[in-house]
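Okay, thanks for coming, everyone.

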Amino acid sequence: MKPPPRLQSLIDEGLIDTVVRQLMSGKEAMVFVVRCTQNGISETRCAKIYKEATHRSFRQAVDYTENRKVKNSRTARAIGRGSKFGRQQQEAAWQSAEVDALYRLAGAGVRVPQPYNFHDGVLLMELVTDAHGDAAPRLNDVSFTPEQARTQHGTLVAEVVRMLCAGVVHGDLSEFNILLAHTHGADGAPGMDVPVIIDLPQAVDAAGNNHAQRMLLRDVANLRDFFGQFAPELLTTDYGPEIWSLYQSGLLSIETALTGRYVRTQADVDVGSLMREIDDARAEEAARRLRMQTSAPGLA
Ligand SMILES: Nc1ncnc2c1ncn2[C@@H]1O[C@H](COP(=O)(O)OP(=O)(O)OP(=O)(O)O)[C@@H](O)[C@H]1O
Ligand SMILES: [Mg+2]
């Protein structure tokens, strides 16, 4: 096809050979299937072109940009003032947030498309594919047996935990932003359908964002509601609050066994801060004893 103008500079730079077809035009981006050559090998990839802010339907931008780390203070001040430079910088921060999150999550072992390049507002990444090598379907386009639904739900809850352990909350996780990829088994073993998480420009820092908890609970509830259509027993699970309370207490790791149950107490105890209080009290007591020892030997 005739390449869209926004991809021309990537073609000029030799990052893209040809544009095969348009995949989707979503709310925030247009996605194209492209061919690229790397180390003499031609590969199919995926190019995501971010729309300008004015063409996007803003997903509560305030939630997502709060506490997003901006590299220097001039940029931070400009964004604060809302100047033209500030808006441009904010736009760049929004776009590169997805690349940052992809690298961070891939590094943490979360299944996301491998990012290759980010150039001129275009993200070049791995094309997630089905058994025929075509663009993989979204969960929303697939139906599941109860058994498959339970398995996929379990896998995705574990992925959410992995993301949170890497300090990231997706913030827009749903059946529309998860693809079902086909992996080919080695040596003729049967392949498998595995979920791959996409669409991360709104991902937030779990520790530094006041909305992180609400977003995590919503992400996990979306998974429950979607897979609950196929396996209704999932509808009564409570993985979100369980995960968040373990995370807050500093007790969450990728090995933590989850139950899907969560008992709400009258006032939720923050075990982490309680432990810090106890440690502080201990240290204070030790210091007091030491003071007494040094001022009046034999009395402590
Ligand atoms: N790496 C990829 N491999 C295969 N397909 C992809 C990939 N990235 C995106 N897509 C396809 O393009 C669609 C839009 O991508 P994405 O969700 O990242 O953008 P978006 O503009 O935020 O879309 P939406 O507003 O619909 O959520 C996806 O639903 C998916 O079908
Ligand atoms: Mg999307």
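So, at what angle do helix α5 and helix α7 pack, and how far apart are their axes? Helix α5 covers residues 146–165 and helix α7 covers residues 239–248; the angle is about 25 degrees, with the axes 11 Å apart. For axes, think lines fitted to C-alpha atoms, for helices over the stretch in contact, with angles running from 0 to 180 degrees between N-to-C directions.

Before I go on, some housekeeping. This is a predicted model, where local features need pLDDT of at least 70 and side-chain atom pairs count only at pLDDT 80 or more, while totals for chains, interfaces and linings use all residues. Residues are numbered from 1 along each chain as its sequence is written, chains are lettered from A and ligands numbered from 1 in the order in which they are written, and side-chain values use heavy atoms, with hydrogens and water left out.

pLDDT is the predictor's confidence in each residue, from 0 to 100. The protein chain averages 87, and 86% of its residues get to 70 or more. Over residues 58–62, though, pLDDT stays under 50. Where pLDDT is low, the predicted coordinates should not be read in detail.

α5 and α7 come out as roughly parallel, the label for angles under 35 degrees. On the α5 side you have H153, V157, V161 and L164, meeting Y239, I243, W244 and Y247 in α7. A contact here is heavy atoms within 4.5 Å. The residues of this α5 and α7 contact split into seven nonpolar, one polar and no charged.

Now α6, residues 212–228. α6 and α7 pack at about 145 degrees, axes 8 Å apart. From α6 the contact uses A212, Q213, L216, L217 and V220, and from α7 it's Y239, G240, P241, I243 and W244.

Let me finish on V220, which sits in α6. Is V220 buried or exposed? V220 has 5% relative accessibility, so it counts as buried; the cut-offs are under 20% relative accessible area for buried, over 50% for exposed and partly exposed in between, with a 1.4 Å probe and protein chains only. Leaving out residues up to four places away in sequence, V220 touches V160, Y239 and G240. And H153, back in α5, is 67 residues from V220 along the chain, with their C-alpha atoms 9.6 Å apart.

Terms used: Helices (H or I, at least four residues) and strands (E, at least two) are DSSP runs, numbered from the N terminus. Angles under 35 degrees count as roughly parallel, over 145 as roughly antiparallel, 65 to 115 as roughly perpendicular and the rest as oblique. Ala, Val, Leu, Ile, Met, Phe, Trp, Tyr, Cys and Pro count as nonpolar, Asp, Glu, Lys and Arg as charged, and the others, Gly among them, as polar.
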